[in-house]
Amino acid sequence: MSEPRTLTPLAVAALALLAERPSHPYEMYQTLMQRSEDRLVKVRPGSLYHTVDRLEAHGFVRATGTEREGNRPERTTYEITDAGTRVLGERITDIIGTPINEYPEFPLGLGEAHNLPIETVIALLRKRVSLIRADTTVLDDAVTQLTERGVPAKYWLDVRYQRALAAADAALLESLIADLETGVVSWSEDKH
């Protein structure tokens, strides 16, 4: 985990939280959930504890103390190290500045859609557009909730990005459906 590209998404999220302030893994989990970051990073309390342990083993975080409240188990608070700050910055720079093909399945399915009857493809695309529109509504609701909770916009720039991608995706697919229905895109072998 010493190279920036090898930091998992959860490790990036954990380091970013510790860059804000020292905290213990369960507090980090609660912050991720409050910010709805579980839509970006697969997060469970156990996996977060394991990730923090790995970050500590690599010198990216260090324990600053342990406390116990009532009957609760001990909670170790961690802070980011200089090495952790460096590797976090390098990884974020790499993520933002270097596009990579993550090989999503949908383009593959779309590229092979000609193997299905055109009516099936149109029905499937309509279903997909409907689901995308529903996701867009969820994103809009998330923005409203985040705003109402006073979560600064810098923590949910990704929501704006995802909302724009969803809107563009739905618009493109609706255009494709229209092209299929009008014959602009032909399903027969003799037309292009």
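**Start with the whole chain**

Colour the chain by secondary structure and you'll find 7 helices and 2 strands; helices (H or I, at least four residues) and strands (E, at least two) are DSSP runs, numbered from the N terminus. Going from the N terminus, the order is α-α-α-β-β-α-α-α-α.

A quick word before zooming in: this is a predicted model, where local features need pLDDT of at least 70, side-chain atom pairs count only at pLDDT 80 or more, and totals for chains, interfaces and linings use all residues. Residues are numbered from 1 along each chain as its sequence is written, and side-chain values use heavy atoms, with hydrogens and water left out.

Of the 192 residues, 32% count as buried, meaning under 20% relative accessible area, with exposed over 50% and partly exposed in between (1.4 Å probe, protein chains only).

**Next, select 118–148**

This is helix 6, with 31 residues. From first C-alpha to last it reaches 45 Å, close to the 45 Å expected at 1.5 Å a residue (the expected span is 1.5 Å times one less than the number of residues).

Which residues of helix 6 are buried? Show the side chains of Ile 118, Val 121, Ile 122, Leu 125, Val 129, Ile 132, Thr 136, Leu 139, Ala 142 and Leu 146. Just after helix 6, click on Gly 150, which takes a positive phi of about 75°.

**Then hop to Tyr 103**

Look in the loop between helix 4 (82–97) and helix 5 for Tyr 103. Its phi is near 55°, a positive value in a residue other than glycine. Most residues other than glycine have a negative phi. Is Tyr 103 buried or exposed? Tyr 103 counts as exposed, because its relative accessibility is 65%.

**Last stop: Leu 7**

Select Leu 7 in the segment before helix 1 (9–20). Leu 7 has 3% relative accessibility, so it counts as buried.
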